[in-house]
Amino acid sequence: MSTVDFVVVGVIALILALAINKIVKDKKKGVKCIGCDACCDKSRKR
Amino acid sequence: MRIALAGNPNSGKTTLFNAITGKVEHVGNWPGVTVEKKEGDVKQNLNPRKENLVVVDLPGAYSMSPYTSEESITKDFVQNENPDVIINIVDATNLSRSLFFTTQLLELGIPVVVALNKSDLTEAKGIAINIPTLSDILKCPVIATVATKSANNGLLELMNAAIIVGKSQKKQTAPFAGGAKKASKEGFEKADKKRYAFVNDVVAEVEKRKISSEKQTLQDKVDRIIAHKWLGIPIFAAIIYLVFSISQAWVGPPLADIFVGWIDLFNETVGSLLGEDVNPVIGALLLDGIIGGVGAVIGFLPLIMVLFFCLALLEDCGYMARVAVVMDRFFKKVGLSGRSIIPMIVGTGCGIPGVMATRTIKNERQRRTMAMLTTFMPCGAKLPIIALFAGVFFGENSWVGTSMYFLGIFVIIIGALIIRQITGDFSRSYFIMELPEYRFPSIKRAAVSMLMRAKAFIIKAGTIILVSNAVVHILQTFDWQFQVVAETAPETSILASIATPLAVLFIPLGFGLWQFAAAAVTGFIAKENVVGTLAVCFGITNFIDVEELALVGSGSEVSAVFGIGAVAALAYLVFNLFTPPCFAAIGAMNSELESRKWLTGAIAFQLGMGYVLAFLVYQIGTLVSTGSLGQGFIGGLIAVAIMVGFVVYLMKKGSKNKQIFAEMQAVKL
């Protein structure tokens with residue numbers, strides 16, 4: 001694999017990591033549908 | 001300080017909440033839009049002393065005796081979570097109905113401030129309310145508000161009043177002492193009658209109406225046409241056709257062309273940056289799998305935005321509530337009611353809030369039936385699939401989208417009929433719905449609603465769809481020995497080998513190709529994935545600029561790329577729209593159905609419905625267009641006969657339950 005290949009693989013890995021991170025974060029927050037919490041219960045736990 | 005917003009449905013609570021907090025929660029001009037509580041901090045300009053103010057928006061309720069499950073959320077919150085202040089939103093144009101709940105809130109001992117909302121409409125309706133007298137009688141501050149206005153809306157006065165009564169910590173005194181003992185049903189009825197009498201006395205004292213409510217208004221005259229039992233349906237069909245024409249033929253495609261041009265430019269720029277030095281497999285993953293796959297889905301964004309803008313205008317002007325009245329007649333015949341239309345309308349945006357909106361239905365069987373069937377309405381995520389097949393195979397014809405909406409309604413009616421027979425519960429409920437005032441739709445509110453949905457669509461495309469497309473691309477690139485698949489032998493890929501056995505089942509439906517099977521399966525993760533997966537599998541990154549791809553016209557070139565004709569494409573569209581929704585919506589169904597048995601039944605029913613409908617579309621369509629039946633007719637017919645036979649068996653079994661229900665009713669009487 002050339003240097004360019006490594007760079008491209010790195011970019012792909014970064015994009016996927018960011019996407020997965022957002023999915024996991026939303027799931028932990030209890031968001032039902034990734035990217036949209038419009039219909040979720042938005043009361044803060046006290 | 002915690003401030004609860006409570007009031008009757010469609011009194012403007014969420015509009016007020018958005019105005020106070022600066023949030024953009026979904027509002028609609030009909031009762032029952034909010035089914036969950038929402039919290040937000042008060043905007044700085046309404047909180048000059050920078051107090052710690054948290055506002056909680058609650059679902060609408062007519063009384064403290066909850067009738068539906070979302071009303072219970074309101075009751076439980078104000079009774080158990082001890083807010084410091086309750087802002088009771090009262091519809092100034094409908095004082096007599098609103099004050100029943102007000103008097104109950106005043107009995108809780110929690111300080112109350114009444115927001116006399118929609119005060120701008122009172123003058124036009126010839127209503128004059130003596131606010132100081134009302135405040136004296138209710139023993140709490142009463143502030144006139146107009147939540148839809150950006151200035152001189154009374155919100156600062158309202159917040160100041162809420163802070164003062166909240167800080168005073170004085171126990172709220174009630175103007176009405178609750179009435180008779182409520183140990184029995186008769187006790188409750190007696191107490192309610194007393195309360196109504198008190199409310200009527202209050203209204204008589206503080207309200208002067210110049211126009212008698214018995215007099216026919218312009219709105220009544222319009223309703224006589226729009227909500228007419230025969231004219232209502234063609235008017236509804238014409239409006240939906242118009243909405244689809246605007247979004248998918250007139251305004252959407254030119255905007256999409258420009259947008260897709262940018263995506264193509266981005267793809268080409270990245271391609272030229274990579275040059276010839278990069279490994280073709282890695283380059284293809286980035287260009288075709290990630291950018292191409294996501295780009296193919298995102299390309300439909302302008303069409304979706306225009307559609308949502310039009311639907312938001314319809315919601316805002318008050319028309320959708322009339323649709324509920326028009327549909328009530330048909331829904332009643334299958335054991336539902338016009339109230340069932342609310343989840344369907346909400347479900348056109350997204351199936352999840354649609355399923356959650358079934359909470360507004362009191363009857364358990366009706367509620368579960370609608371939780372099972374609501375997702376048959378084409379949601380926002382299914383629009384790219386509709387737009388793709390309508391655009392590529394039917395020349396952007398608006399009848400495709402319109403017919404899918406009406407097919408959705410038809411399938412829900414048929415489904416409700418079947419479920420009623422299976423459960424044997426033939427109980428009926430009567431539909432009473434307050435029709436909201438017609439109003440000129442707010443462009444701002446429609447734009448905000450559209451932008452919120454667009455944001456959600458982009459985030460979804462950049463997360464779950466991106467990951468799915470990357471996985472699909474990798475599975476399509478390699479075989480089980482992890483060797484790159486030859487371009488001439490794509491059927492040796494991991495994806496093809498997984499999807500091929502499934503594709504066999506789809507031969508009687510006209511799309512027995514592994515690419516279509518794979519796309520249908522990824523659609524369960526998110527329905528937009530169907531488009532993304534087809535883009536990755538067929539190597540097409542632009543579904544919008546179809547002329548450039550020379551796909552529009554005879555349809556033969558489309559068939560050459562996709563390997564199917566227009567009839568099979570329509571069958572595939574129907575299959576994807578009427579099989580189970582995405583996993584997130586199935587999760588919402590699970591929560592609302594509250595029964596594993598019902599959920600299993602729902603998924604099986606949806607799978608069966610999608611299969612049967614696609615079979616009928618393909619086989620009948622092929623027979624009509626070619627004069628002979630399509631491929632795999634016998635196999636498909638056997639599968640369909642087994643499914644139909646099983647449903648008939650369950651329906652016959654259900655008729656025994658009907659007798660049991662009838663006996664139970666007789667015992668009750």
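Student: Let us begin with helix H9 of chain B: which helices are among those that cover its buried residues?

Tutor: Keep in mind that this is a predicted model. The buried residues of H9(B) are Gly232(B), Phe236(B), Ile240(B), Val243(B), Phe244(B), Ser247(B) and Gln248(B). What covers these buried residues includes, from chain B, helix H8 (218-226), helix H10 (252-274), helix H12 (301-317), helix H13 (319-333), helix H17 (383-394) and helix H18 (398-423).

Student: What distance does H9(B) reach from its first C-alpha to its last?

Tutor: Helix H9 of chain B runs over residues 232-250 and has 19 residues, for which 27 Å would be expected at 1.5 Å a residue.

Student: Against which helices do the buried residues of H25(B) pack?

Tutor: In helix H25 (residues 583-593) of chain B, the buried residues are Ala584(B), Ala585(B), Ala588(B), Met589(B), Glu592(B) and Leu593(B). The partners of these buried residues, again in chain B, are helix H15 (351-356), helix H16 (364-373) and helix H26 (596-626).

Student: How do the axes of H20(B) and H21(B) lie to each other?

Tutor: Two packed helices are described by the angle between their axes and the distance between the axes. The axes of helix H20 (residues 494-505) and helix H21 (residues 514-522) of chain B come within 8 Å and cross at roughly 90°. The two helices, H20(B) and H21(B), are therefore roughly perpendicular.

Student: How many nonpolar residues does the contact of H20(B) with H21(B) have?

Tutor: From H20(B), the contact takes in Leu495(B), Ala496(B), Ala499(B), Thr500(B), Leu502(B) and Ala503(B), and these meet Trp514(B), Phe516(B), Ala517(B), Ala518(B) and Val521(B) in H21(B). By class there is one polar residue and there are no charged ones, while the number of nonpolar residues is ten.

Student: How far apart in space are Pro501(B) and Ala517(B), C-alpha to C-alpha?

Tutor: Pro501(B) belongs to helix H20 of chain B, and this residue counts as exposed because it has 10 C-beta neighbours inside 10 Å. Along the sequence, Pro501(B) and Ala517(B) are 16 residues apart, whereas their separation in space is 9.0 Å.

Student: Is Val27(B) buried or exposed?

Tutor: Val27(B) sits in the loop between helix H1 (13-21) and strand E2 (38-41) of chain B. Leaving aside neighbours within four places in sequence, Val27(B) is in contact with Thr14(B), Thr15(B), Asn18(B), Val33(B) and Arg445(B). Because there are 24 C-beta neighbours inside 10 Å, Val27(B) counts as buried.

Student: How many residues of domain 2 of chain B are in contact with domain 1 of chain B?

Tutor: The domain assignment of chain B gives domain 1 (2-209) and domain 2 (232-428 + 442-663), and 41 Å separate their centres, taken over C-alpha atoms. Domain 1 contributes twelve residues to the contact, and the number from domain 2 is 17.

Student: Finally, how many nonpolar residues are on the side of chain A that touches chain B?

Tutor: Chain A has one helix and zero strands, and buried residues make up 22% of its 46 residues. Of chain A, 26 residues are in contact with 32 residues of chain B. The chain A side divides into three polar residues, six charged ones and a nonpolar group whose number is 17.

Technical notes:
Residues numbered from 1 in each chain as written. Chains lettered and ligands numbered in written order. Predicted model: local features only at pLDDT ≥ 70, side-chain atom pairs only at ≥ 80, totals over all residues. Contact = placed C-beta atoms within 7 Å. Nonpolar A, V, L, I, M, F, W, Y, C, P; charged D, E, K, R; others polar. Axes fitted to C-alpha atoms, helices over the stretch in contact; angles between N-to-C directions. Helix = DSSP H or I, 4+ residues; strand = E, 2+ residues; numbered from the N terminus. Parallel < 35°, antiparallel > 145°, perpendicular 65-115°, else oblique. Domains from an automatic or database assignment. Expected span 1.5 Å × (residues − 1). Buried ≥ 20, exposed ≤ 12 C-beta atoms within 10 Å, placed from the backbone.
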